[in-house]
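Biologist: Hi! I have this structure open and have never looked at it before. Could you walk me through it?

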Amino acid sequence: MPVELKLTDYLEMVRHARATAPIEDCGLLGGRIEDGVKKVEKVFYLTNTDQSEEHFSLDPKEQFAAVKELRAQGLVLLGNWHSHPASPSRPSEEDKRLAFDTQASYFILSLNGGEPVLNSFQVSRDKVVTKEDLRIR
């Protein structure tokens with residue numbers, strides 16, 4: 001299933017992740033599923049309570065507030081996102097291990113090297129990773 005992200009949201013994710021680096025940035029993705037396309041309408045920026053350069057944990061209170069806000073706006077939780085300040089845009093072993101929702105989109109924004117790279121993935125129950133068709137518009 002294709003995933004659409006607004007260019008303005010992508011650019012803000014990059015800006016925010018660069019400001020947070022070398023700590024991994026993280027958050028949630030809310031939106032709608034219309035005509036077989038996941039449309040990200042809202043990107044939430046949450047605190048990485050691990051304050052780590054190699055992994056993240058979403059702040060539970062912020063996570064709860066974000067989901068509450070999504071529901072109030074008639075949106076659904078589409079997935080989450082985090083940055084990889086010094087590694088490629090692909091799920092680490094820990095990312096795969098912690099991916100429990102097989103329907104969720106897992107965005108990984110790499111700041112490693114020159115230009116930022118954002119990819120979206122789904123992770124199956126047996127931890128097989130599939131790259132999604134991410135369209136930035």
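This is a predicted model: local features need pLDDT of at least 70, side-chain atom pairs count only at pLDDT 80 or more; totals for chains, interfaces and linings use all residues.

Biologist: Thanks! With that in hand, where does Asp59 sit?

Modeller: Asp59 is in the loop between E3 and helix H2, which covers 60-72.

Biologist: And is Asp59 buried or exposed?

Modeller: Asp59 counts as buried, because its relative accessibility is 18% and the cut-off for buried is under 20%.

Biologist: Let's zoom out. How many helices and strands does the chain have?

Modeller: The chain has 3 helices and 8 strands. Along the sequence they follow the pattern β-α-β-β-α-β-α-β-β-β-β.

Biologist: What about the overall dimensions?

Modeller: The C-alpha trace spans about 35 × 30 × 30 Å along its principal axes. The radius of gyration is 14 Å, which agrees with the value near 14 Å for a compact globule of 137 residues. Buried residues make up 45% of the 137.

Biologist: What does UniProt say about residues 3-137?

Modeller: An unreviewed UniProt entry places the feature "domain: MPN" there. In the model, that span is 24% helix and 37% strand, and its end C-alpha atoms lie 11 Å apart.

Biologist: Now the strands. How do E2 and E3 run?

Modeller: They run antiparallel, with 9 bridges joining E2 (residues 26-34) to E3 (residues 37-46). E2 and E3 form a hairpin with 2 residues between them. E2 also pairs with E4 in the antiparallel sense, over 6 bridges.

Biologist: Which residues are the bridge partners of Leu28?

Modeller: In E3 the partner of Leu28 is Phe44, and in E4 the partner is Asn80.

Biologist: Asn80, noted. How much space is in the largest pocket?

Modeller: About 400 Å³. The pocket is lined by 22 residues, and those closest to its centre are Phe56, Asn80, Leu98, Ala99 and Tyr106.

Biologist: Which elements supply the lining?

Modeller: Strand E4 (76-84), helix H3 (93-97) and strand E5 (105-110) each supply at least two residues. E4 gives the most, with 5 residues. By type, the lining divides into 13 nonpolar, 6 polar and 3 charged residues.

Biologist: What is phi for Lys127?

Modeller: Lys127 has a positive phi of about 70°, and it is not a glycine either. Lys127 lies in the loop between strand E6 (117-123) and strand E7 (129-131). With 30% relative accessibility, Lys127 counts as partly exposed.

Biologist: And which is the peptide bond from Ala21 to Pro22, cis or trans?

Modeller: That bond is cis, with omega near 10°. Pro22 is in the loop between helix H1 (7-20) and E2.

Definitions and conventions. Residues are numbered from 1 along each chain as its sequence is written. Side-chain values use heavy atoms; hydrogens and water are left out. UniProt positions are given in the numbering used here, feature names are shortened, and annotations may be inferred rather than shown by experiment. Helices (H or I, at least four residues) and strands (E, at least two) are DSSP runs, numbered from the N terminus. On a 1 Å grid over the protein atoms alone, a cavity is a set of points where a 1.4 Å probe fits but cannot get out, and a pocket is an open set with protein on both sides within 12 Å along at least five of seven lines; lining residues have an atom within 4 Å of a point. Grid points are joined across faces, edges and corners, and a volume is the space filled by probe spheres set on the points. Ala, Val, Leu, Ile, Met, Phe, Trp, Tyr, Cys and Pro count as nonpolar, Asp, Glu, Lys and Arg as charged, and the others, Gly among them, as polar. Two strands pair if DSSP finds at least two bridges between them. The radius of gyration is taken over C-alpha atoms; the globule rule is 2.2 Å times the number of residues to the power 0.38. Buried means under 20% relative accessible area, exposed over 50%, partly exposed in between (1.4 Å probe, protein chains only).
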